[in-house]
Amino acid sequence: AKRNVLITGCSSGIGLALAVKMAKDEQKRFKVYATMRNLAKKDALEEAAGRRLGKTLEIKQLDVCDEQSIKTCVNSIPDRRIDVLVSNAGMGLIGPIECQTIDEMKTVMDTNFFGLVRLLKEILPDMKRRKSGHIVIISSVMGIQGILFNDVYAASKFAVEGFCESLAIQALKFKLQLSLIEPGPVITEFERKVFEDGMKMDLSAADEETAEMFTNIYLKNYKQIFQSLGQSAEDVAEHTVKIILAENPPFRHQTNTLYTPMTTLKYADPNGDLPIDIFYKMVFHHDKIFSASLNFIKLLRWRSRKSFDLGKPSQ
Ligand code: NAD
């Protein structure tokens, strides 16, 4: 039988790429419920889904910040059966906290963290009753490691990771699977929107040194980082499908092998100083080392054909 897959945030980026990839599965193993907050933005997904639309892919409205819309969407699925939930909807926020309002920060937490909580409050009880289901969360490397000027975004993803780490223990008892997908930089609308908002940001509330740091160091390097390290949404979707099909899916999966040396630093020093120190040096002292490492990464990228093995897929 087909597995019912519900994905949030499918009007663009990773959600769209994943929905289409799963709907086009040659073995027709999935029925995809591709959801989005605003159905007026469904054209790109409809076009990419092509003849799968209405067959292996259905588009539904779901706003992760609106409990009622989640309930209505889940109720519209036959027997409310969701075998795989992909919590993907999310938003970014960059800049000095002095220049962000508490309301802006709350919206990020509400979308990235409480969005997941709302989905699970509606879907988890059914999965527990059936003793089957896979919960897949598009987290981020920023769910395990903070980055300059991403304070609130990283906090929202840390919240997601702490929540899931706690829930995973209970999930095991109900034979449910839980997987956190942790992409590094991905070239999507997200990155474009976040950058544009950063460029437009009113920095008058910040001191000169902070404003300068944000504009001349962070924003200046932003595009370069995405260009040299960035993955495509399709690439992340491919990793996600492998996790969904894996016999024993891992709890955490980083999609970007070029980024893993950074996250490894976290585990290399129990005091937690090492990654902070390295990031500091990269950003403030060793501009040349920073560009040299980006060039090195480009070389690695050219050489590595992103091969990864997660064991044999189930079925
Ligand atoms: P994206 O902006 O293309 O996609 C995010 C989607 O979420 C959009 O379609 C947006 O409309 C939707 N969304 C926002 N608020 C919503 C709400 N309240 N209800 C329903 N949908 C809502 O960007 P993306 O890169 O594809 O992001 C997908 C996920 O990947 C996010 O959780 C993001 O945090 C994560 N991620 C992105 C990157 C990156 O660099 N782009 C890196 C790591 C993780």
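**Close-up views of a predicted model**

**View 1. Overall fold of the chain.** The chain of this predicted model folds into 11 helices and 7 strands, where helices (H or I, at least four residues) and strands (E, at least two) are DSSP runs numbered from the N terminus. Its radius of gyration, taken over C-alpha atoms, is 20 Å, close to the 20 Å that the globule rule (2.2 Å times the number of residues to the power 0.38) gives for 315 residues, so the chain is as compact as a globular protein of that length. Along its principal axes, the C-alpha trace spans about 55 × 40 × 40 Å. Residues are numbered from 1 along each chain as its sequence is written. Local features need pLDDT of at least 70 and side-chain atom pairs count only at pLDDT 80 or more, while totals for chains, interfaces and linings use all residues; side-chain values use heavy atoms, with hydrogens and water left out.

**View 2. The largest nonpolar core.** A nonpolar core is a set of buried Ala, Val, Leu, Ile, Met, Phe, Trp, Tyr and Cys residues joined through side-chain atoms within 4.5 Å, buried meaning under 20% relative accessible area, exposed over 50% and partly exposed in between (1.4 Å probe, protein chains only). The largest such core has 32 residues, and those with the most contacts inside it are Ile7, Ala19, Met22, Val32, Leu45, Leu57 and Val86. Elements that give two or more residues to this core include strand S1 (3–7), helix H1 (13–23), strand S2 (30–36) and helix H8 (233–245), and H1 gives the most, with 8 residues. Apart from this core lies another, of 27 residues, among them Leu62, Val74, Ile135 and Val160.

**View 3. The surroundings of Val32.** Leaving aside its neighbours within four places in sequence, Val32 is in contact (heavy atoms within 4.5 Å) with Val5, Ile7, Ala19, Met22, Ala23, Thr56, Leu57 and Glu58. Among contacts in the chain between residues at least 6 apart in sequence, 77% join residues at least 24 apart.

**View 4. Lys42 in the loop between S2 and H2.** Lys42 has its place in the loop between S2 and H2 and, at 28% relative accessibility, counts as partly exposed, whereas buried residues make up 48% of the 315 residues in the chain. Neighbours within four places in sequence left aside, Lys42 is in contact with Met36 and Ile59. Lys42 and Ile59 are 17 residues apart in sequence, and their C-alpha atoms are 7.8 Å apart in space.
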